[in-house]
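Please read the report below alongside the sequence and the coordinates.

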Amino acid sequence: MISEKRVVVAGGLGFIGSHLVSRLLRQDNDVVVIDNGITSGGRTLDRHSRLEIADADVTMPLWIEGHVDYVVNLASPASPEDYTALPLETLRAGAIGTEETLKLAARHEAGYLLASTSEVYGDPLVTPQNEGYWGNVDPIGPRSMYDEAKRFAEAMTVAYSRSKGVRVSIARIFNTYGPGMRSTDGRVVPTFLSQATRGLPLTIHGDGSHTRCYTYVTDTVEGLLRVLEHGTTGPFNLGATEEVSVLELARLTIDISGSTSSIVHRAGRPGDPRTRKPDIRVAQEELGWNPLISLSEGIKLTLDSGLGIAAVD
Ligand code: NAD
C-alpha cells in the first residue's frame, strides 16, 4: 500500500483525480495537485494539512520544491464533449504536458504513471482488446485529438524510460463513472442519470447497439494505485468486463432510478467505436486487481450520492 509518500497528481481536480487524491490522503500521503481547471468544472478539494494545490498548466515548465516519490499524470480533457471543444489543448496536454510531467519525475527520480485510455484501441477490430493489440485509429478522425494525443503520450512515456531511465507505468483506463462526475460532462452515465432523475427522455446516439464496459471509479483508483506501486511499464488495461449495449444501460438506468423517462434516438456520433471490452488478464495476474463493483451496484451508488462535482466519497 502506498503510504507516507509524496505524490504529485496532475489533473487532481478532475473526476478520477479527486477520488485518487482523497484515497491517497486517507492512506497518509502528502499530495501535490497540479491543475489548471480547464475541465474540472470548478471543483475544489477540502482543505487538508497534507494537500497542496498548484494552479498550473502541465504544458508549461513545472517546478516542485522538496522531494517527490511519484508523479501521476491525469491532466487531459477526457470527455468527448470536452476534447471536441478543446482539440488543441487536448493534443498539447498529451504531448507537451506528458513531457513536462515526465521531466518533473526525472528531476526528482520519482516513479511515473500515465493515465492512458482504451481509446488508444480506436474502433477495435478484435474483442476483447488486450494490451498487445495496436488499435484501429483514424489519425484525422473526429476523436483523433484525444486518441492520438494518448498514443503519443504512451510513446513519450516509454521513450523517457528507455532514454532517461525514468521508472514509468502506463494504465489504459476504460470508461469510468461514479459520484462526482459533472452531470453536463457529456459522458453517457451522468447524462442518462441526469435525464432519468429529471424525467427527461434518455437520448441515445445511434441505435444503441454499441457496447461498452463501465468501471466504477473506486475500482479504477484501486487499479491505478496498484499499477503505481508495481512500478513496471505495462501497459495495463483497467476496466470492468461486464459488456452492455448503450440501450441496455439506458434501460438499467431507468429501472434503477424508478424513472418514468422514455428513450429517444438521435443521429449516431461519427467515429463512435462499436465495441470496447478489456482483456484484463495482465492486471489480474500481475497486480491481483479485479473490478469489484457491478454495473447495477455502481449506478445505485452514483445515484445515491447525487450527481454533482462536490460528491466525492
Ligand atoms: P476530467 O476532465 O474530469 O479531469 C481531468 C483534469 O485535468 C481536470 O481537472 C482538468 O482541469 C485537468 N487538466 C486538463 N488539461 C490540463 C493542463 N494542461 N494542465 C493542468 N491540468 C489540466 O477527466 P477524468 O475523467 O478525471 O480523466 C482523468 C484522466 O484519465 C484523463 O487523462 C483521461 O484521459 C483518463 N481517462 C479517463 C477515463 C474515464 O472514463 N473517466 C477513461 C480513460 C482515460
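Predicted model: local features only at pLDDT ≥ 70, side-chain atom pairs only at ≥ 80, totals over all residues.

Helix H5, which spans residues 188-197, and helix H7, which spans residues 246-257, have axes that come within 10 Å and cross at roughly 40°. The two helices H5 and H7 are therefore oblique to each other, and their crossing is right-handed. On the H5 side the contact is made by Val188, Val189, Phe192, Leu193 and Ala196, which meet Val246, Leu249, Ala250, Thr253 and Ser257 of H7. Sorted by class, the residues in this contact of H5 with H7 comprise 8 nonpolar and 2 polar residues, with no charged residue among them.

H5 also packs against helix H9, residues 295-305, and here the axes come within 11 Å and cross at roughly 60°. H5 and H9 are therefore likewise oblique to each other, and the crossing of this pair is right-handed. Val189, Leu193 and Thr197 of H5 meet Ile299, Thr302 and Leu303 of H9, a contact that holds 4 nonpolar and 2 polar residues and no charged ones.

The remaining pair is H7 with H9, whose axes come within 10 Å and cross at roughly 55°. That angle makes H7 oblique to H9, and the crossing of H7 and H9 is right-handed. From H7, the residues Leu249, Leu252, Thr253, Ile256 and Ser257 meet Leu295, Ser296, Ile299, Lys300 and Leu303 of H9. This contact of H7 with H9 is made up of 6 nonpolar, 3 polar and 1 charged residues.

**Surroundings of the ligand**

Which residues are closest to the ligand? The ligand is surrounded by 28 residues, and the closest are Asp35, Thr39, Tyr146, Lys150 and Thr176.

| Residue | Protein atom | Distance to a ligand oxygen atom |
|---|---|---|
| Ile38 | polar backbone atom | 2.9 Å |
| Thr39 | side-chain N or O atom | 2.7 Å |
| Tyr146 | side-chain N or O atom | 2.5 Å |

For Ile38, by contrast, the atom concerned belongs to the backbone.

**Points of backbone geometry**

Where do the two cis peptide bonds described here lie? One of them runs from Thr127 to Pro128, with omega near -5°, and Pro128 is placed in the loop between strand E5 (111-117) and helix H4 (144-164). The other joins Gly234 and Pro235, with omega of about 5°, and Pro235 is found in the loop that lies between helix H6 (217-230) and strand E11 (236-238).

A further point concerns Glu4, which is not a glycine and yet has a positive phi of about 55°. Glu4 belongs to the segment before strand E1 (6-10).

Definitions and conventions: Residues numbered from 1 in each chain as written. Heavy atoms only, no water. Axes fitted to C-alpha atoms, helices over the stretch in contact; angles between N-to-C directions. Helix = DSSP H or I, 4+ residues; strand = E, 2+ residues; numbered from the N terminus. Parallel < 35°, antiparallel > 145°, perpendicular 65-115°, else oblique. Left-handed = near helix turned anticlockwise from the far one by under 90°. Contact = heavy atoms within 4.5 Å. Nonpolar A, V, L, I, M, F, W, Y, C, P; charged D, E, K, R; others polar. Near = heavy atom within 4 Å. Polar contact = N/O pair within 3.5 Å; in protein donor to acceptor, adjacent residues only side chain to side chain.
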